[in-house]
Amino acid sequence: MKHLALFAAAIALLALAPMVLGGHGLSVMTLTLTNLVLAVGLNLVAGYCGQFSFAQAAFFGIGAYTTAIMSRDLGTGVWINLPAGIIIAGLFGLVLGVPALRVKGHFLAIVTIAFQTVVYLTLVQWTDFTGGQNGILVPGVGETSILGIIRFNVQSLESYYWLTLALAALAIIVAWRLVHSRLGREWIAVRDDETLAQAVGVNTTTTKLSAFVASAAFAGAAGALNAYTMRTAAPDDFTIFISSIILAIMILGGKGTFLGPIVGAFILTIIPESLGEFSRYKMLFFGVLLILTITFLPGGIMQLVRNARTRRA
Amino acid sequence: MDLFLQYLANGIVVGSSYVLVAVGLTLIFGILGIVNFARGEFYMLGGFAGIGLATVLGLPLIVSLLGVVAFAALLGFLAEQILNRQVKDKDPTNSIVSSFGLAVVLQNAALLVIGPQPMLLRTDLSMVPVEIGPVYLPLQRALIPVAMIVLVGALHLLLRHTWVGMSLRAMAQQPTVARMCGIRVSRVAIVTFMTGAVFAGVAGFLMSSVFMVHPLIGNMIVLKAFTVVILGGMGSVTGAAAAGLMLGLVESMTSAYLGNGLRDIVGFLMVVIVLLAWPQGIFGRNLERS
């Protein structure tokens, strides 16, 4: 109950952000929440199930292009595109998961990077379908309603922010339910000792595949909504660099902890975006941070928190 | 038929550079069990260093080559300090993340210092034609497979017949026993990293006359190297050599007969197929892929 109250309070507080923040601040917050969904999703497969993935940006892109292509060719609205983005990204998660089952460690990292690159190259080169390097323009969400009852108009920056906040809140709840379910415990079992997990009757194949699909589905949701927020889907937003940012967020926060990627998303989105004239050093900053964190603090910020707690106890 | 032979020659040139980058990767993995994602950046920096020495400073090619070798060896030394010394005994995924971070740092440092402008190495040798039957190559390109054969041959001799090579192979087979026999493990690690970096740097220098060098080129190169290593079998130098040439040829034929857009994708498709069909690589021995 304590967790739920804190969570509700945090969401309520964040929902009030447009009252104090200007246009730039609000865009940064929207980006923060998008990164949060991506990192929480990555944490499911990499943190809990122990299957490293450099492909989160690819699934992010698949979600975004689902929105863009469906709006363009079918004229569907957000309530169809968002679930479609989640499902299609999840299916691609399965496509990556099947070959990834055969490999571990370094090889897995390579396979996910290869997948990320193939998706990027396809987005760039299949010009007829994806619009090539220029991408596809996406119409705004506009006037819409939930089941025809609650009507609202998503046009302003604030309304996109609230929509992203709603998605982030939903993602956190779903992730919480997942990692505290039987499936979540099976992920942890596979991460900690695959042979042992197999010996006690865990089906490691479906367990790993489900982690890949769940992680991809989170990224697909973030992408499907982000395409609306950005009003465009273009390949350069889905490169391996974006994957590395998501990875840095998860690692700095603390992989395999529930709060880690959430804390990481706030720190690693807000600090680089407020660098101002130094923003061209942003990627350099991520790279150095990635090396320093993994070398000196592999458990991330949550490890510091845990250390402080045990010392006090 | 004449065109086919020309594509074949082009494939061998490009494949030779893949061999050079992949050999270092497979060497470091075989001996230290570490995968270095920053290899593509050694290639990129080798290319820029070579262009700086040969084109900007106007030094003779052989002097530039030696400069690139020294520079790449220094890079390898520094990389070993960051990737091996610090994270060696912890989780193996840590070295993946760490080397990935190093790759991002080097790319962005190059972007800031050198700028995004692609550069090409121009030398007098690019004007000298070499014609073998219907195949035409500028001398500069024809020298790339030659350099590859010389370097891989030298590595082979080094590994087989010298004291350093024997300790490297001992490390690859049984690190603990090697340490007990008095091999200085830390020195072996440095030598391995430096050798790997020199191979990648020289490849970058040689290829800077064929493909433009730019700060982000390493991404693609490191993926090619991984493709080669997966196809050839991790840890196998011979496998890397064969698979590197094969990848170069397949790519050349794909871009000639199926379309240039598919060129970079075909390698990854091969990787997926190989992983599903022969998880140890086509030329690999049985070892767990972890």
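Me: In chain A, what share of the contacts between residues at least 6 apart in sequence join residues at least 24 apart?

Reply: It is 78%, with a contact meaning C-beta atoms, placed from the backbone, within 7 Å. This is a predicted model, in which local features need pLDDT of at least 70 and side-chain atom pairs count only at pLDDT 80 or more, while totals for chains, interfaces and linings use all residues. Residues are numbered from 1 along each chain as its sequence is written, and chains are lettered from A and ligands numbered from 1 in the order in which they are written.

Me: What makes the radius of gyration of chain A agree with a compact globule?

Reply: The rule, 2.2 Å times the number of residues to the power 0.38, uses C-alpha atoms. For 313 residues a compact globule would come near 20 Å, and chain A has 19 Å, so the two agree. Its C-alpha trace spans about 50 × 45 × 45 Å along the principal axes.

Me: Why do β1 and β2 of chain B count as a pair?

Reply: Pairing needs at least two DSSP bridges; residues 129-132 and 135-138 share four, in the antiparallel sense, so they pair. Strands are DSSP runs of E, at least two residues long, numbered from the N terminus. B:I132 stands opposite B:V135. In this hairpin, with two residues between the strands, B:G133 takes a positive phi near 60°.

Me: How many residues does each chain give to the contact between A and B?

Reply: Chain B gives 35 and chain A gives 32. On the chain B side, α4(B) gives the most, with 14 residues.

How values were computed:
Two residues are in contact if their C-beta atoms, placed from the backbone, lie within 7 Å.
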